[in-house]
Amino acid sequence: DDPAGHWLLYSLLDRRGARDAALKALGQAVHWGATPPMVESYLDYRAAWADPGEVIEIRRRLAVLSPGNEANQRALARLLLQRGRADEARPILERLWPGREWGENAVARAEFLAATAGTEAAIAFIEEAIQEAGETLGPGDALTLGLHLQRLGDLDRAAWCFESARRGEPAVGHAAASALAECHWQRRRWADAVILYRQLWQETADFANARRAVAAWIAAGQPAEAWAFVEAVLREQGESLDAVLLHARTAAALGRRDLALRDYDRALRLANGDPRPYFDRAEAFFNLPDAEAQRQAETDLARLVRLQPQLARPREMLAALHERAGRFAEAEDELRILQQTYTASDLYRLWQCRLLVKTRHFTEADRMLSLPLTDASRRGEWHRVKSALREAEGHPGNAIAEILRAYARDASVGDLFTLCRLLLSSGRADLVRHLLDPLPPEAEAHARLLMLL
């Protein structure tokens with residue numbers, strides 16, 4: 001009945017990688033009256049593995065233990081929204097708004113609006129709140145709201161928030177600059193992205209910023225600048241594993257395959273058991289078109305899955321490679337393992353449904369789609385998979401209806417493109433032109449739809 005003892009046991013088991021036993025020990029610590037920080041750690045640990053319903057109940061218990069913990073109340077409301085339980089989330093959010101942590105509570109309210117009234121209502125609420133705050137909007141709150149606007153797709157207003165947040169203390173300013181650089185990337189403003197990523201690299205020496213700067217140069221059609229930067233970093237850093245990996249990845253991206261392979265061999269010698277070179281080489285070769293690159297990526301991913309079976313990303317990439325090569329049974333095997341590990345994940349179930357549609361196992365795909373979603377934010381993808389199923393079954397009208405529902409939720413270019421393809425195959429080119437006319441000529445969707453027509 002001593003929570004501290006169970007907590008110590010959890011820590012020891014967790015370090016040894018005994019996930020199930022660690023989880024049981026941590027659960028006992030919570031059961032016997034663990035402190036709120038212990039409960040928070042427990043929830044962080046369980047987030048990727050547990051049934052969201054169980055996490056909701058534990059967060060309710062934490063709300064009783066620590067009624068002033070607004071972060072827990074926001075997390076509870078978010079989980080309820082993901083489960084489609086907006087009526088239960090509403091009173092929690094009404095107590096929070098307005099609250100002391102203005103930015104976080106505004107985001108919680110916006111998430112409620114996004115789930116119940118749509119993305120546009122959430123964006124309008126945040127923009128109204130920003131105008132109302134005026135000069136009193138602090139850098140931390142500006143960063144928080146900007147990140148949420150970025151997730152909602154309002155990149156212009158998000159960039160304004162990030163610019164405002166850069167005047168904050170160094171930690172907030174760096175985070176805002178990083179978010180603004182990503183915003184420039186999403187808006188394809190490559191020159192601005194390069195400037196910020198280089199500045200962040202000089203300030204932090206974080207190789208993630210160096211990699212993004214190189215990628216922005218390459219996207220802007222400036223490979224010479226990218227290569228000069230990477231060579232300079234390698235000269236400065238010497239035999240640093242991160243510098244060699246950056247050099248290798250850039251060489252691969254610029255088509256210098258032999259040099260990239262030599263760099264990766266050097267990185268493996270420097271790694272001293274660190275598996276990063278395998279993962280980096282797999283990522284670098286994953287999207288290269290030739291069969292030799294695909295085989296190299298597959299070999300590295302298979303090795304990573306053996307070395308670190310608990311990691312999701314290598315197995316996801318391996319499943320994608322199998323699917324790309326038409327090895328659907330092997331892809332399904334990897335997805336089943338992921339579903340067994342991450343039991344609450346809708347992502348892998350919907351992915352497997354897509355494979356079932358491709359292999360024409362329509363009855364099984366329909367059965368899997370009939371299972372309830374644990375995350376309401378996946379509803380758009382659910383409609384996309386169902387649209388693909390109905391199209392494969394030969395029901396174009398039902399396929400159009402489902403992709404319309406997906407587009408109504410997420411307004412993505414991909415959904416618009418699929419909708420227009422289905423309309424064209426049904427002989428409705430007039431409706432495609434009707435969708436094309438309102439789009440600005442510079443929009444990506446405009447060019448894609450014109451090509452389709």
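1. Glu70, Gln73, Arg74, Leu76, Ala77, Leu80 and Leu81 of helix 5 are in contact with Ala86, Glu88, Ala89, Ile92, Leu93, Arg95 and Leu96 of helix 6, where contact means heavy atoms within 4.5 Å and helices are DSSP runs (H or I, at least four residues) numbered from the N terminus. By class, this contact of helix 5 with helix 6 holds nine nonpolar, one polar and four charged residues.

2. The model is predicted, so that local features need pLDDT of at least 70 and side-chain atom pairs count only at pLDDT 80 or more, while totals for chains, interfaces and linings use all residues. Residues are numbered from 1 along each chain as its sequence is written, and side-chain values use heavy atoms, with hydrogens and water left out.

3. Helix 5 (residues 70-82) and helix 6 (residues 86-96) pack at an angle of about 155°, their axes being 8 Å apart; axes are lines fitted to C-alpha atoms, for helices over the stretch in contact, and angles run from 0 to 180 degrees between N-to-C directions. That angle makes helix 5 roughly antiparallel to helix 6 (over 145 degrees).

4. The largest nonpolar core has 86 residues, and those with the most contacts inside it are Ile126 and Phe229; such a core is a set of buried (under 20% relative accessible area, 1.4 Å probe, protein chains only) Ala, Val, Leu, Ile, Met, Phe, Trp, Tyr and Cys residues joined through side-chain atoms within 4.5 Å. Apart from it lies another core, of 14 residues, among them Leu76, Leu80, Ala86 and Leu96.

Definitions and conventions
Helix = DSSP H or I, 4+ residues; strand = E, 2+ residues; numbered from the N terminus. Parallel < 35°, antiparallel > 145°, perpendicular 65-115°, else oblique. Nonpolar A, V, L, I, M, F, W, Y, C, P; charged D, E, K, R; others polar. Buried < 20%, exposed > 50% of the residue type's maximum accessible area, 1.4 Å probe, protein only.
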